[in-house]
Amino acid sequence: FINNSAFGNNAEALNVFLLSLSVTSAFEGGFDSVNTYDKAGISIGFLQFARPESGAGRLLELSGRKDLSDEIKTNFGTSDPHSSSSALKARFNGDLLREIVIAISSTDGIKAQLAMAINKNVDGQLYFEKAYNKFLDLKLIDALSCALLFDGAINMGAGSLSKFPAFTQGNDG
């Protein structure tokens, strides 16, 4: 957190980050999670970073496994719905999936997942940074409100945070 967040030296922000992670990852999975059942082709990690050409590929690269990132791009393709014959075959490739699990649940893989949750994801997602800034801008009080914003950023994209309007001051909605 200290190395990746603009709020790195703020203990309150760290506590809110940890709460946000625990709430959202409870619905997404653990550090070793892999799913291959939706149109994204493959989603991995505790926040289900999706798509070979996007979050899943980025996570593997940050984990030091560019080779696996390239392999999932080749096997799953690089555009939705990731339904080519090679993508359908890759969804059930136990050897490939085991290798991915090992990579993302390693020390480097876990560090990469945490960094991506803060500010190292693709396309300017900056999940926690944007959620926490919105939490501060809205003058919200309850850390669970930030967890909601964080989950919204993860599941609807960080741009969705603009849809959350200001509340009456002191009211967490």
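These legends describe close-up views of a predicted model. Local features rest on pLDDT of at least 70 and side-chain atom pairs on pLDDT 80 or more, while totals for chains, interfaces and linings use all residues. Residues are numbered from 1 along each chain as its sequence is written, and side-chain values use heavy atoms, with hydrogens and water left out.

**View 1. The largest nonpolar core and Ile100.** The largest nonpolar core has 43 residues. A nonpolar core is a set of buried Ala, Val, Leu, Ile, Met, Phe, Trp, Tyr and Cys residues joined through side-chain atoms within 4.5 Å. Buried means under 20% relative accessible area, exposed over 50%, and partly exposed in between (1.4 Å probe, protein chains only). Ile100 and Phe150 have the most contacts inside this core. At least two core residues come from each of helix 1 (11–28), helix 2 (51–62), helix 3 (66–76), helix 4 (85–90), helix 5 (94–104), helix 6 (107–120), helix 7 (127–137) and helix 8 (143–156). Helices (H or I, at least four residues) and strands (E, at least two) are DSSP runs, numbered from the N terminus. Apart from its neighbours within four places in sequence, Ile100 is in contact (heavy atoms within 4.5 Å) with Val34, Ile42, Ile44, Leu60, Leu68 and Ile72. In soluble globular proteins, nonpolar side chains tend to be buried together.

**View 2. Helix 6 against helix 7.** The axes of helix 6 and helix 7 come within 5 Å and cross at roughly 45°. Axes are lines fitted to C-alpha atoms, for helices over the stretch in contact, and angles run from 0 to 180 degrees between N-to-C directions. The two helices, helix 6 and helix 7, are therefore oblique to each other; angles under 35 degrees count as roughly parallel, over 145 as roughly antiparallel, 65 to 115 as roughly perpendicular and the rest as oblique. On the helix 6 side, Met116, Ala117, Ile118 and Asn119 meet Tyr127, Phe128 and Glu129 of helix 7. Among the buried residues of helix 7 are Ala131, Tyr132, Lys134 and Phe135. The buried residues of helix 7 pack against helix 1, strand 3, helix 6 and helix 8.

View 3. An open sheet of 3 strands runs in the order 1-2-3 with antiparallel pairing. Strand 1 (34–35) and strand 3 (49–50) stand at the edges with a single partner strand each, so one side of each has no neighbour in the sheet. Two strands pair if DSSP finds at least two bridges between them. Strand 1 and strand 2 (residues 43–44) pair in the antiparallel sense over 2 bridges, and Asn35 stands opposite Ser43 in strand 2.

View 4. Most residues other than glycine have a negative phi, and most peptide bonds are trans. The peptide bond from Asp80 to Pro81 is cis, with omega near 10°, and Pro81 lies in the loop between helix 3 and helix 4. Arg51, in helix 2, has a positive phi near 80° and is partly exposed at 25% relative accessibility. Leu126, in the loop between helix 6 and helix 7, has a positive phi of about 45° and is partly exposed at 27% relative accessibility.

View 5. Thr107 is found in helix 6 and counts as exposed at 56% relative accessibility.
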